[in-house]
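Here is a brisk report on one protein model.

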Amino acid sequence: MQIAFDEAQAAAARGEVPVGAVVVFGERVLARAGNRTRECVDPTAHAEILAIREACRVLGSERLPGCDLYVTLEPCAMCAAAISFSRIRRLYFGAHDPKSGGVEHGGRFYDQPTCHHAPEVYGGFREREAAALLREFFRERRGETD
């Protein structure tokens, strides 16, 4: 999870929403990424999507069975779908996202009967730290000092 936090902090330094993700297979880090929606001018350039794309490239496969994804924020519905389609084994996330989350909030993608694959989901890892990183980023964006 520390690698995901490092990626989130790098994203914040680039002016991106501070979300980071890492795909691992056993002890091997296959891919790591932070949000790059502004940099890439691409609304799909979320950390999870970028990390999944890179892990697929590294393995030469569109599927990632046996791989785990660590992300600092509960994935949105788009990312939840990508996680399902790539057959990620386990999802670990930091902060819950009541507004835009798609796993334990919102559409609860993995609970839908149309979902073909649901990973094991473990939320709340370093949640306070992840939430604080996001709060501080948006506080600075709004120009608030405290």
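## Strand pairing

Two strands pair if DSSP finds at least two bridges between them. Strands (E, at least two residues) and helices (H or I, at least four) are DSSP runs, numbered from the N terminus. The model is predicted: local features need pLDDT of at least 70, side-chain atom pairs count only at pLDDT 80 or more, and totals for chains, interfaces and linings use all residues. Residues are numbered from 1 along each chain as its sequence is written, and side-chain values use heavy atoms, without hydrogens or water.

S3 and S4 pair in the parallel sense over five bridges. Asp-68 stands opposite Arg-90 in S4. On S5 (residues 120-123), S4 has a parallel partner over four bridges. There, Phe-93 has Gly-123 as its bridge partner.

## Helix H4

S3, H4 and S4 form a right-handed β-α-β unit. Right-handed means that, with the strands pointing away from the viewer, the path from the first strand over the helix to the second runs clockwise.

H4 spans residues 77-85; its buried residues include Cys-79, Ile-83 and Ser-84. Buried means under 20% relative accessible area (1.4 Å probe, protein chains only). Those buried residues pack against helix H3 (47-59), S3 and S4, with contact meaning heavy atoms within 4.5 Å. S4 is mostly covered too, with five of its six residues buried. Just after H4, Arg-87 takes a positive phi of about 65°.

Notes: Buried < 20%, exposed > 50% of the residue type's maximum accessible area, 1.4 Å probe, protein only.
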